[in-house]
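Biologist: Let's go through this model together. I'll ask, you answer.

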Amino acid sequence: MKTSCKRVLVTIVGISVLAFGVAFSVKANLGVSPISCIPYIYSLKFALTIGELTILMNALFVLAQFLILRKRFTWLHLSQLAAVTVFGYCIDLALYVIGGLNVSAYAWQMSLCLLSCVFIAFGVFLLVKANLTYLPGDGFAVVLSDTFQTGFGKVKVTLDSSMVVVGLISTVLFFHRLEGIREGTVLAALLVGSLVKFYNSKIVWIDSWLGDGAPGPKGLAPRPAERNQYLVVTISREYGSGGHGIGQEIAKKLGIAFYDKELINITAEQSGFTEEYIRENEQKLAGTLLDELYRQNYAYVKDKLPPSDVLFLTQSKILRDISSKGPCVIVGRCANFVLKENPHCFNVFIHANEAYRKSKIIKEYGVSASVSSKELEKLDRERANYCLEYTGEEWRNSAKYHVTIDSSLYDSEEQAADKIIEMIPEDMLRQQPAALAECRGPDA
């Protein structure tokens, strides 16, 4: 009962804060958020308040959910009507409270617009943490996402964009000019998701206060160290430095398993993603603004993760599984972080100068044209950003590796592999199978 009361309280506070955010955006007069643009525009045309039209529009979203779900429609879906009714009247109350606030200078308008984004994001954050119900717009996006097996982020962006389009058409038909949709609308679309993610990372005590337990780090919880009995050599590498080939040579010389592209097939079997999707999206973050908006929109729901997060978590579990079954070499996938609790994990970073990398890419990677320095930098930056996003660590930070080597200094990948094997400490090999412990002598 105490936990339920806390959740109800957080929900009410969240709705109130969200309502003031909408009110501030109206007063800024630089355009309201996508979810509010239709009620705002229609309130200028008809004798209804923004709050009343918000309730009416969102009631249609609940009706749409019922038509899609039918027998699967529950009281939880219906509870969205209660939430949006409170939300609608809170908007009208907030507008009444700040009714005397009028700004005309653009700098003050923009300040008020930014303040509205801060309030809207904090309101969304509180509603997500309370986890009692959705506002109908978000609930409709969840239903569409689940029904048609489409990423929530894409559905949310599409739904918000559709409301903006309807608002644009309506304002042109009604007033023959733009009303309610301006730079503030774009600003809200770009900022609110990022701000919700910021609150999630900084206000961490609310989970334990609500009884959800202390929030854990991003990623799966590591297995106990004592279960990791086997040597694992992880290879992080710059693009074109030969890390794949060197890793293969290490595995061959030690007589242990090797995992790089093989992980794509295993991940596809366990995740439901296609091999093509995994190949295109693993070990890098999508760099387009639209993809970033997709990711940000997942902050609106607590029980869903962006596909890229699901992919990382799935691969993390796979890495732990294979490393617990026997000694191996793993290339990429932030394995040095995922397996950091393994006392027998030996982490290597491989780099090389640009001339060496460009030459290797053309000769061995099947690339017909020369690769520019900017392209190399872009590819490395993708891996660095991916590492930072999911581990919080700098990819090129040498302190996170046992060994870093310049592969261009060696005559062959085999020679580089020999050097790395020489540097694996004896205590990491001591508890390994006898064949592995002895292989260093003649081969090294």
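Modeller: One term to start: buried means under 20% relative accessible area, exposed over 50%, and partly exposed in between, with a 1.4 Å probe and protein chains only. This is a predicted model, where local features need pLDDT of at least 70, side-chain atom pairs count only at pLDDT 80 or more, and totals for chains, interfaces and linings use all residues. Residues are numbered from 1 along each chain as its sequence is written, and side-chain values use heavy atoms, with hydrogens and water left out.

Biologist: Is Y277 buried, exposed or partly exposed?

Modeller: Y277 makes a stacked aromatic pair with F273, at 4.8 Å centre to centre and 20° between the planes. Rings of Phe, Tyr and Trp (its six-membered ring) pair if their centres lie within 6.5 Å; planes under 30 degrees apart count as stacked, over 60 as edge-to-face and the rest as tilted. The relative accessible area of Y277 is 27%, so Y277 is partly exposed.

Biologist: What lies over the face of Y300?

Modeller: A charge sits over a ring if NZ of Lys or CZ of Arg is within 6 Å of the ring centre and within 35 degrees of the ring normal. At 4.2 Å from the ring centre of Y300, the residue is K156.

Biologist: Which backbone oxygen does the side chain of N297 reach?

Modeller: N297 lies in helix 13 (residues 289-297), and its relative accessible area is 8%, so N297 is buried. Beyond four places in sequence, N297 touches F152, G153, K156, V157 and D160. At 2.9 Å, its side chain reaches the backbone oxygen of L293.

Biologist: Last one: what follows helix 10?

Modeller: Helix 10 (residues 243-254) has twelve residues, and its buried ones include I246, I250 and L254. After helix 10 comes a residue whose phi is positive, near 70°: G255.

Definitions and conventions: Helices (H or I, at least four residues) and strands (E, at least two) are DSSP runs, numbered from the N terminus. The expected span of a helix is 1.5 Å times one less than its number of residues. A polar contact is a pair of N or O atoms within 3.5 Å; within protein, one must be able to donate a hydrogen and the other to accept it, and residues adjacent in sequence count only if both atoms are side-chain atoms. Contact means heavy atoms within 4.5 Å.
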